[in-house]
Structures are given as structure tokens and as C-alpha cells.
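I opened the notebook to record what I looked up, one entry at a time. The entries follow.

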Amino acid sequence: MTGVPLQQMADRVAALMEDRLRVRGQGLGEKLRKGGRLLPRRVRAAAEVLHTGATMAQNPKLWAQVDQQSVAQAYDTCVRHLNGVDGGDRRKGAVLGVAASVAFSVLAVAALLVIVLAWRGFV
């Protein structure tokens, strides 16, 4: 494996992050910095290994120090997770979460209104 496939692996993971998680940025490093919190800990660590390997592979002297097998495993971990992410389902969950929060707030205010009206003798 040479430095080019490592960069292609990093670019593929970056493209999947942009496509599935809607994380913007130039390259895998910036996307990890901006949207790394959207990934589980083990996938984030694997993406960091992949980013480090791709960065080291650009220097011929450092390329020999890259552990090819761990980078390949990190790539597989990232791709397996990101292919399973459904962007529409994430958005639907976020909308339902906001709607539930608003509904609970309205219900709490209505309950407090009824309690205050009963306490003051109007109900």
C-alpha cells in the first residue's frame, strides 16, 4: 500500500461524513474537528488513526512508520459505521425531540395555570 490509497481512504471517509452527517470542511482533519462529536468514541478514534496515517503518508520518510494494518482496520470501522447512518432518520429524530420539548413545556405551563387558578379560587 502506498501513500495515495491512504489519502483516498481518508477522502472517502471525509466524503461519507459530509454526505451522511452533513459536516462541512476541507479534508478529514477539519471534518473531525467540526463534527467528531457526532461519531461514537471508537469510530472517532479510528478516524483519527486514519487521518494521522494519511498525513504521515505524504512524507516519504514518515510513510515507512505508518502501520498499514491498523489504518486499514480504522478505515473499515469508519466506513462500516458511516454506511449505517441514515441522515433522514437523524433529522426526523431531531425534529421529534424539539416537538416533544415544546409539547412538554406547553403542558407544564397549562398545569401551572390550572394550579394557580385553583389556588386563587377561580376554578
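Entry 1, terms and ground rules. I count two residues as in contact when they have heavy atoms within 4.5 Å. Residues are numbered from 1 along each chain as its sequence is written. I am working with a predicted model, where local features need pLDDT of at least 70, side-chain atom pairs count only at pLDDT 80 or more, and totals for chains, interfaces and linings use all residues, while side-chain values use heavy atoms, with hydrogens and water left out.

The protein averages 92, and 97% of its residues score at least 70. Where is confidence lowest in the protein? I found the lowest mean, 89, in helix 4 (residues 60–63). The highest is 95, in helix 3 (residues 41–57).

Helices (H or I, at least four residues) and strands (E, at least two) are DSSP runs, numbered from the N terminus. I listed 6 helices and 0 strands for the protein. Its radius of gyration is 23 Å, well over the 14 Å that the globule rule gives for 123 residues, so the protein is more spread out than a compact globule. That radius is taken over C-alpha atoms, and the rule is 2.2 Å times the number of residues to the power 0.38. I then looked up the box that the C-alpha atoms fill along the principal axes, which is roughly 85 × 25 × 20 Å.

Buried means under 20% relative accessible area, exposed over 50%, and partly exposed in between (1.4 Å probe, protein chains only). Of the 123 residues, 26% count as buried. I looked up the charges next, with Lys and Arg as positive and Asp and Glu as negative, and His and the chain ends not counted. Each charge is placed at NZ of Lys, CZ of Arg, CG of Asp or CD of Glu. The mean positions of the 17 positive and 9 negative charges are 8 Å apart.

I found Arg-22 in the loop between helix 1 (3–21) and helix 2 (27–35). Arg-22 has a positive phi of about 60 degrees, although it is not a glycine. Most residues other than glycine have a negative phi. Arg-22 is partly exposed, at a relative accessible area of 48%.

Which residues does Arg-44 contact, leaving aside its neighbours within four places in sequence? I found Gly-36, Arg-37 and Leu-39. Arg-44 lies in helix 3 and is partly exposed, at 32%. Its C-alpha atom is 11 Å from that of Met-17, 27 residues away along the chain. Glu-48 is also in helix 3, and at 37% Glu-48 is partly exposed.

Is Val-106 buried or exposed? I read a relative accessible area of 55%, so Val-106 is exposed. Val-106 is in helix 6, and its C-alpha atom is 41 Å from that of Arg-80. I placed Ala-111 in helix 6 (residues 87–120) as well. Ala-111 is partly exposed, at 39%, and 63 Å separate its C-alpha atom from that of Gln-58.

Note on methods:
pLDDT = per-residue confidence, 0-100.
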